Amino acid sequence: YCGADGLTETYSGSSGAITLIHEAHRTLLTNFASLPTSDPSGWSNLNTDKDWKIRYWRSEPQSLIKILEQLQYEGGFIYSPNRGYIHIRDSESADVTLSKSDLTNISIGHTPFTELITKMNINYRKHPAENTYIKSVTSTNSTTRTNYNIATAENVQEVDLDAYVSPDVPTSPSSNPNDDFYTYYDNIFGSVKATISASIVNPKFYNHDDDADLLGVGSKITFTNMHPEKIFGKAFTNVIFMITDFSRSPGIITFTAREIA
């Protein structure tokens, strides 16, 4: 056991200790993957929204990619070399608005029932000397479990968090996605979400203008003047989607997007 402060971050010139999960992630990329010290895309929003604290150590070697992926999961974000830091914000707005005139081959669906996560047994604040956790909580989305008549022992996920320390994990979803670990993932997997896939035929999205540059994995989009006018009872203009799959080739762009707000 060492009572000293942990490592300091290396990307801004500060000598302050790393206290947040996303700070540790970026420091690892800077130290071991040659990430430039200039702020990646999405960093400012992530740094504003997240105050998830970290206490993490390794006593045995581990591959960098595994640690980065673990921190991304426990910190509620992903990193793409092309798109920067991506996460769902507490208050979302669309980067781009599309209409039926921009699209062809539109396919509307929803996330599968098997993807639902409505109950988590979460262990966190790993003990510094023992292979145990100081905090354990059962977090439940009772509304979804009631709506889908999910039995008590069904749809329960066991989660061990080796880096996450705080905020405290609640027993039910909090108000905003970034309030805590459980609430963030409940916002993604705690209910069935709408999906849409299509091809973009409007050539303005093929060029390197502002709209074209905004499109890619992680982009937030909404729709107007669609047919049908609603998606599973919600007006398209009231739903924000995030692009989860994106392909660009000469003369065509295809994407799949998932409801996030």
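In this predicted model, six strands form an open sheet whose order is E4-E11-E14-E15-E10-E5, with mixed pairing. A second open sheet has three strands in the order E7-E6-E8, and its pairing is mixed as well.

- Phe241 has Glu259 in E15 as its bridge partner, and Glu259 returns below as a member of a salt bridge with Lys234.

- The edge strands here are strand E7 (133-140) and E8, each of which pairs on one side only.
- Neighbouring strands of this sheet are turned against each other by 15 degrees on average, with direction ignored.
- E6 and E8 pair in the parallel sense, over five bridges, and Asn121 stands opposite Glu158 in E8.
- Helix H5 (residues 181-189) packs on this sheet and touches E6, E7 and E8, while the direction of the helix makes about 150 degrees with that of E6.

**Helix H5 and what covers it**

- H5 is mostly covered, since eight of its nine residues are buried, where buried means a relative accessible area under 20%.
- The buried residues of H5 are Phe181, Tyr182, Thr183, Tyr184, Tyr185, Asp186, Asn187 and Ile188.
- The elements that cover these buried residues include helix H3 (64-75), E6, E7, E8, strand E9 (164-166) and E15.
- Among the buried residues of H5 is Tyr184, and Lys50 lies over the face of the Tyr184 ring, at 3.8 Å from the ring centre.

**Salt bridges**

- The count for this model comes to seven salt bridges, and three of them are described here, each with its place in the chain and the exposure of its two residues.
- Arg26 forms a salt bridge with Asp39, in which the closest N and O atoms are 3.0 Å apart. Because Arg26 lies in helix H1 (residues 21-32) and Asp39 in the loop between H1 and helix H2 (43-49), the pair ties together parts that are 13 residues apart in sequence.
- Arg26 counts as buried, at 0% relative accessibility, whereas Asp39 is exposed, with a relative accessible area of 54%. Arg26 also lies over the face of Trp43, at 4.7 Å from the ring centre.
- Lys220 and Glu92 form a salt bridge with their closest N and O atoms 3.0 Å apart. Lys220 lies in strand E11 (residues 220-224) and Glu92 in the loop between strand E3 (84-86) and strand E4 (96-99), so this pair ties together parts that are 128 residues apart in sequence.
- Lys220 counts as buried at 9% relative accessibility, and Glu92 counts as buried at 14%.
- The side chains of Glu259 and Lys234 meet in a salt bridge of 2.6 Å, taken from N to O. Glu259 belongs to strand E15 (residues 252-259) and Lys234 to strand E13 (residues 234-235), so the pair ties together parts that are 25 residues apart in sequence.
- Glu259 is buried, with a relative accessible area of 7%, while Lys234 counts as partly exposed at 40% relative accessibility.

**Aromatic rings**

- The count of aromatic pairs comes to 15, and one of them is formed by Phe113 and Tyr148, a tilted pair with 5.6 Å from centre to centre and 55 degrees between the planes.
- Phe113 lies in the loop between strand E5 (103-110) and strand E6 (119-126), and Tyr148 in the loop between helix H4 (142-147) and strand E8 (156-160), so the pair ties together parts that are 35 residues apart in sequence.
- Phe113 counts as partly exposed at 44% relative accessibility, and Tyr148 is partly exposed too, with a relative accessible area of 37%.
- Ring pairs also link Trp52, Tyr73, Tyr124, Tyr164, Phe181, Tyr184 and Tyr185 into a cluster. Phe181, Tyr184 and Tyr185 are among the buried residues of H5.

Key: Residues are numbered from 1 along each chain as its sequence is written. This is a predicted model: local features need pLDDT of at least 70, side-chain atom pairs count only at pLDDT 80 or more; totals for chains, interfaces and linings use all residues. Side-chain values use heavy atoms; hydrogens and water are left out. Rings of Phe, Tyr and Trp (its six-membered ring) pair if their centres lie within 6.5 Å; planes under 30 degrees apart count as stacked, over 60 as edge-to-face and the rest as tilted. Helices (H or I, at least four residues) and strands (E, at least two) are DSSP runs, numbered from the N terminus. Buried means under 20% relative accessible area, exposed over 50%, partly exposed in between (1.4 Å probe, protein chains only). A charge sits over a ring if NZ of Lys or CZ of Arg is within 6 Å of the ring centre and within 35 degrees of the ring normal. Two strands pair if DSSP finds at least two bridges between them. Axes are lines fitted to C-alpha atoms, for helices over the stretch in contact, and angles run from 0 to 180 degrees between N-to-C directions. Contact means heavy atoms within 4.5 Å. A salt bridge is a side-chain nitrogen of Lys or Arg within 4 Å of a carboxyl oxygen of Asp or Glu.
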